[in-house]
Amino acid sequence: MSTTCETDDDVLIDNSQTIAEIANIAESGTWRITSFVDSGQDETNDFNNYNFTFEASGTVTASDGTNQIQGTWSVSDDSNSSDDSSSDDDIDFNISFNVPNTSEFFDLNDDWDIISYSSTTISLQDISGGNGGTDTLVFQRNN
C-alpha cells in the first residue's frame with residue numbers, strides 16, 4: 001500500500017516517456033545541421049559537410065568523411081528549475097564537444113531547449129544568459 005502526498009502548487013510532471021522518445025529518434029540514423037543561428041548570425045555553413053551520429057552510449061560523432069569530432073549528448077529533464085513554471089516541458093537536449101573555444105563545434109555545446117521534434121527533425125533553442133541573444137539549432141535526419 002502506498003500513499004501520495006500532493007500540494008496544489010507543486011505538480012510533478014513525469015517526462016521520462018518523452019525523453020526516451022526523443023533519444024530513440026536521435027539514435028536512429030545520421031543527422032545534419034540544416035540551420036544554426038548564433039545570436040542572429042547564421043553559421044549553418046560551418047557544419048555543411050558534417051553528419052552527426054547520436055549513439056545510445058551517450059557519444060555523438062560529427063564526421064565530414066575526413067575529420068571526426070567526438071563529444072557527448074543526452075536528453076534530460078530540467079524540471080528542477082522552479083522559476084520555469086510557465087514552461088510546460090523542461091526537457092533539454094545536451095551537447096558537449098571537448099574542443100577548444102575557437103572551434104565552431106564549441107558553439108554547439110549547450111543544454112538546448114527542445115522546441116519541436118519529429119522522426120526527421122529536431123529543433124532546439126537557447127536564450128543566452130549574458131547577452132540575451134537567442135541561438136537556434138535544427139537537425140534534419142539524412143535519408
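# Reading a predicted structure, feature by feature

Colleague: S39 lies in the loop between β1 (30-38) and β2 (41-42). What counts as a helix or a strand?

Modeller: Helices are DSSP runs of H or I with at least four residues, strands are runs of E with at least two, and both are numbered from the N terminus. This is a predicted model, in which local features need pLDDT of at least 70, side-chain atom pairs count only at pLDDT 80 or more, and totals for chains, interfaces and linings use all residues. Residues are numbered from 1 along each chain as its sequence is written, and side-chain values use heavy atoms, with hydrogens and water left out.

Colleague: How many helices and strands does the protein have?

Modeller: The protein has 1 helix and 9 strands. Read from the N terminus, the order is α-β-β-β-β-β-β-β-β-β.

Colleague: What is the phi of S39?

Modeller: Most residues other than glycine have a negative phi. In this model, S39 has a positive phi, near 50°, although S39 is not a glycine.

Colleague: Is S39 buried, partly exposed or exposed?

Modeller: The classes rest on relative accessible area: buried is under 20%, exposed is over 50%, and partly exposed is in between, with a 1.4 Å probe and protein chains only. S39 has a relative accessibility of 36%, so S39 counts as partly exposed. Across the protein, buried residues make up 35% of the 143 residues.

Colleague: Which residues does D38 touch?

Modeller: A contact means heavy atoms within 4.5 Å. D38 lies in strand β1. Leaving aside residues up to four places away in sequence, D38 touches E43, D107 and D135.

Colleague: How far from D38 is the nearest side chain of opposite charge?

Modeller: For charge, Lys and Arg count as positive and Asp and Glu as negative, while His and the chain ends are not counted. A salt bridge needs a side-chain nitrogen of Lys or Arg within 4 Å of a carboxyl oxygen of Asp or Glu. D38 is buried but has no salt bridge, and the nearest side chain of opposite charge, that of R32, is 20 Å away.

Colleague: How far apart are the C-alpha atoms of D38 and L137?

Modeller: L137 and D38 are 99 residues apart along the chain, and their C-alpha atoms are separated by 8.5 Å. L137 is placed in strand β9 (residues 134-141) and is buried, with a relative accessible area of 0%. Its contacts beyond four places in sequence include I33, F36, L108 and W112. In the protein as a whole, 42% of contacts between residues at least 6 apart in sequence join residues at least 24 apart.

Colleague: Which residues touch the most other members of the largest nonpolar core?

Modeller: In soluble globular proteins, nonpolar side chains tend to be buried together. A nonpolar core is a set of buried Ala, Val, Leu, Ile, Met, Phe, Trp, Tyr and Cys residues joined through side-chain atoms within 4.5 Å. The largest core here has 30 residues, of which F52, F93, F97, F105, L108 and F139 touch the most other members. Helix α1 (residues 16-26) gives the most to this core, with 5 residues. Among the contacts of F93 beyond four places in sequence are I22, A26, F54, W73 and W112.

Colleague: How many aromatic pairs are there?

Modeller: Rings of Phe, Tyr and Trp (its six-membered ring) pair if their centres lie within 6.5 Å; planes under 30 degrees apart count as stacked, over 60 as edge-to-face and the rest as tilted. The count comes to 13 aromatic pairs. In one of them, the rings of F97 and F105 have centres 5.2 Å apart and planes at 65°, so this pair is edge-to-face. F97 and F105 are both buried. Ring pairs link a cluster that includes F36, F47, Y50, F97 and F105.

Colleague: Which residues does I69 touch?

Modeller: Beyond four places in sequence, the contacts of I69 include F97 and F105, as well as Y50 and V60. I69 lies in strand β5 (residues 68-77) and is buried, with a relative accessible area of 19%.

Colleague: Which side chain does that of D14 join in a polar contact?

Modeller: A polar contact is a pair of N or O atoms within 3.5 Å; within protein, one must be able to donate a hydrogen and the other to accept it, and residues adjacent in sequence count only if both atoms are side-chain atoms. The side chains of D14 and S16 are joined by a polar contact of 2.8 Å. D14 lies in the segment before α1 and is exposed, with a relative accessible area of 62%.
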